[in-house]
Amino acid sequence: IASRKVPQLFTNVEAITNIQDRQRLQALQAVDEARLVDRGGKATYLTRRQTKIVYALSMFLNQQKDKPEVESYVKSISRGVQPITRIAIPVSITELTKMVTTDGKARSRQKAEVLSDLKAISEMKQVQTFGIYGTGEGNARFIASLINISEQLEDLSKERVQDLDYVTVQFGSIFFYQLYNKYAIIKPSLLQIWGKAGSGTDTELFGILLS
């Protein structure tokens, strides 16, 4: 999210000699155009609210980080092995909405916006570059969705009295990369302040500096 801009990132795709690389970037462009996304030269593009949602999701994941299956997953990632079984966690849309709205509420409109953003994040491919920053040495490019939504449970009862709005979020590898040795605790109070008008936290710059 905080990576520097590369203005030529998605330009002149046809000049790329590797056919697979060219096809991947063309596919990225097609999704971006369909969603009217302008990455502005950023390999990972998220709106301010989507960025906040990703941080909130990481807090959901934090509650699971001491489980054996998560520890095993992190060990595999650190060895460069992609586990067959992905880590998936049921997430309450109501609770997620309360976390990311500045008033701590979860009205129907707010929940619909958060769900829409979740789906957008899952559909947009992100480009993560690994290597020695600024040198081009040992670089590798990883293209994937940050998250996938594998299941959705929607409450169709009158007045939604059952409160069953859940999605099962499958977390991408990037959430687990160096999870235990490069990890910062985020307090819920940050999400309560983040985005409030006049607080200095409602700008793109704040999200970049935070990242």
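**Exercise 1.** Is arginine 107 buried, partly exposed or exposed?

*Solution.* The model is predicted: local features require pLDDT of at least 70 and side-chain atom pairs pLDDT 80 or more, while totals for chains, interfaces and linings use all residues. Residues are numbered from 1 along each chain as its sequence is written, and side-chain values use heavy atoms, leaving out hydrogens and water.

Step 1. The classes are buried (under 20% relative accessible area), exposed (over 50%) and partly exposed (in between), with a 1.4 Å probe and protein chains only.

Step 2. Arginine 107 has 41% relative accessibility and therefore counts as partly exposed.

Step 3. Its salt-bridge partner is aspartate 103, with the closest N and O atoms 2.7 Å apart; a salt bridge is a side-chain nitrogen of Lys or Arg within 4 Å of a carboxyl oxygen of Asp or Glu. Aspartate 103 is likewise partly exposed, at 36%.

**Exercise 2.** Classify the two partners of the salt bridge between aspartate 66 and lysine 65.

*Solution.* Step 1. The closest N and O atoms of this pair lie 3.8 Å apart.

Step 2. Aspartate 66 has a relative accessibility of 59%, so this residue is exposed.

Step 3. Lysine 65, with a relative accessible area of 19%, is buried.

**Exercise 3.** Locate the partners of the salt bridge between lysine 111 and aspartate 165.

*Solution.* Step 1. The two side chains meet at 3.4 Å, N to O.

Step 2. Lysine 111 belongs to helix H5 (residues 108-123), whereas aspartate 165 sits in the loop between strand E4 (147-153) and strand E5 (166-171); the pair thus links distant parts of the chain, 54 residues apart. Helices (H or I, at least four residues) and strands (E, at least two) are DSSP runs, numbered from the N terminus.

Step 3. Lysine 111 and aspartate 165 are both buried.

Step 4. In the structure, which holds 7 salt bridges, shared partners join Arg49, Arg109, Glu113 and Asp117 into one network.

**Exercise 4.** Describe the open sheet and the helix that packs on it.

*Solution.* Step 1. The sheet has 3 strands in the order E1-E5-E4, with antiparallel pairing; two strands pair if DSSP finds at least two bridges between them.

Step 2. Strand E1 (88-92) and E4 are the edge strands, each pairing on one side only.

Step 3. E1 and E5 are joined over 5 bridges, and serine 92 has tyrosine 166 in E5 as its bridge partner.

Step 4. Helix H4 (residues 93-100) touches E1 and E5, its direction making about 70° with that of E1. Contact means heavy atoms within 4.5 Å; axes are lines fitted to C-alpha atoms, for helices over the stretch in contact, and angles run from 0 to 180 degrees between N-to-C directions.
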